There are 2 protein chains.
Amino acid sequence: TFMGGLLSCLPCKDVGPLRPTTGCTRPDGKAWADVVVKIGGSACTKKATFETLNDVALSAICGQLATLPKEGFSLAVVHGAGSFGHQHAKEYGVSKGAEKAMALSERLREGFAKTRLSVTTLNKHVITALLKEGLPAVSMSPCPFVETSAKKLVGGRLSPSTVDGTRGLLGRGFVPVVHGDAVLDESQGVAILSGDVWMVELCRELGAKSAVFVTDVDGVFTKPPWESGAQL
Amino acid sequence: TFMGGLLSCLPCKDVGPLRPTTGCTRPDGKAWADVVVKIGGSACTKKATFETLNDVALSAICGQLATLPKEGFSLAVVHGAGSFGHQHAKEYGVSKGAEKAMALSERLREGFAKTRLSVTTLNKHVITALLKEGLPAVSMSPCPFVETSAKKLVGGRLSPSTVDGTRGLLGRGFVPVVHGDAVLDESQGVAILSGDVWMVELCRELGAKSAVFVTDVDGVFTKPPWESGAQL
């Protein structure tokens, strides 16, 4: 099997009811991305140890992803935070945010800044590993260009400019790499926008045929893993 | 003097004829950023040595910047690439781009990806140094959210969503930190969007009273340093 036991692969029709903002194919009729891959935080970091990369696993995953373009598939990558970001986010309550959007405590600001530095550090490791395998990987770092309101994407989906930017990278032959991030939130000041939300949105907007989840658990889920009742 | 001989400080009325997209002050009438600071690549990196930080200078600069909020000034920071990014960009011709926007050579893609990884690595160092001094610094990484056309910003200025994101960070008490970057270009595929362009645009859109340039050269310029005829 392609992902060496790390693979769960879902057809993209499962990932959401909304249609793409505009045509989800390139001018030549191909999908913007054939495959959207989520590298789980548990697969690329040592989740119990603060800010520690699992470089053996990350390198193996990137080596496998590098075979996709050679087989004619275009791909976009999303990764979680794992031990980069989660600790800070939890310690400082970044996901909960503030009571008033524009009145953040000094402590919450510190936590937000540290969380964002941590996830972008992991992103740099992922980009480095993908480049090493010859993939032209380009980081897309959401904050402050992508915002939420009460923890949901403003307008319920990615903005046209975000979709255009992602398609612009793919159309030029790059591999966009997005990460779960600490973002600005209209109602609670700050929030966490997870990699799983990006998976749903990118699959839809890029016309992807497959969503691949690389985790530290063997096997295939019965449903998208974020839905209740999903089983291995 | 504030910047220990590294300072050149210009009133922001000099930086461009266009008015801000919308009101350049906060609801309470204050500027979104009182000061926009450019940390030149020559000031924070060892420009002749590939990807080498000048950590002593960077730390000193950040220590001085940390005094601004204590004195009641809000600030935004822009930094150049220095020895992070310039070599790759030059070697691979990233600034020149491609003849057709969507037909990039494999080599140009590689150069773009490496340039972007390099400048975001420097950005991480700058954020780390600012956080160490207690400033809630948050990275704004332009690509692919900010695009150019024939090397100029699309529409001649920052998009409303980019301006809103920057103001959103400042309104919550963060210090936005933008870097010169490799970006997507509508006409030549890819291009470089320099930190100096960000200086002009942010001063205008944030209603800044001062633009501060931290370089490795002592003294004050007679004009904005990007204008012809500017002299020390």
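Trainee: How many salt bridges does the rule find across the interface of chain A and chain B?

Mentor: This is a predicted model, where local features need pLDDT of at least 70, side-chain atom pairs count only at pLDDT 80 or more, and totals for chains, interfaces and linings use all residues. Residues are numbered from 1 along each chain as written, chains are lettered from A and ligands numbered from 1 in written order, and side-chain values use heavy atoms, without hydrogens and water. A salt bridge needs a side-chain nitrogen of Lys or Arg within 4 Å of a carboxyl oxygen of Asp or Glu. Across the interface of chain A and chain B, the count is zero.

Trainee: OK, which element of chain A gives the largest share of the side that touches chain B?

Mentor: Going by DSSP runs (helices H or I, at least four residues; strands E, at least two; numbered from the N terminus), helix 6 (160-171) and strand 4 (137-140) are among those supplying at least two residues each. The largest share, eleven residues, comes from helix 5.

Trainee: And how much area do chain A and chain B bury between them?

Mentor: Buried area is the accessible area (1.4 Å probe) lost on putting two parts together, summed over both. The contact (heavy atoms within 4.5 Å) takes 42 residues from chain A and 42 residues from chain B. Carbon and sulfur atoms carry 73% of the buried area, and the total is about 3,200 Å².

Trainee: Which residues of chain B is A:Phe112 in contact with?

Mentor: Skip its neighbours within four places in sequence, and A:Phe112 has partners in chain A including A:Val94 and A:Cys143. From chain B, the partners are B:Val138 and B:Phe174.
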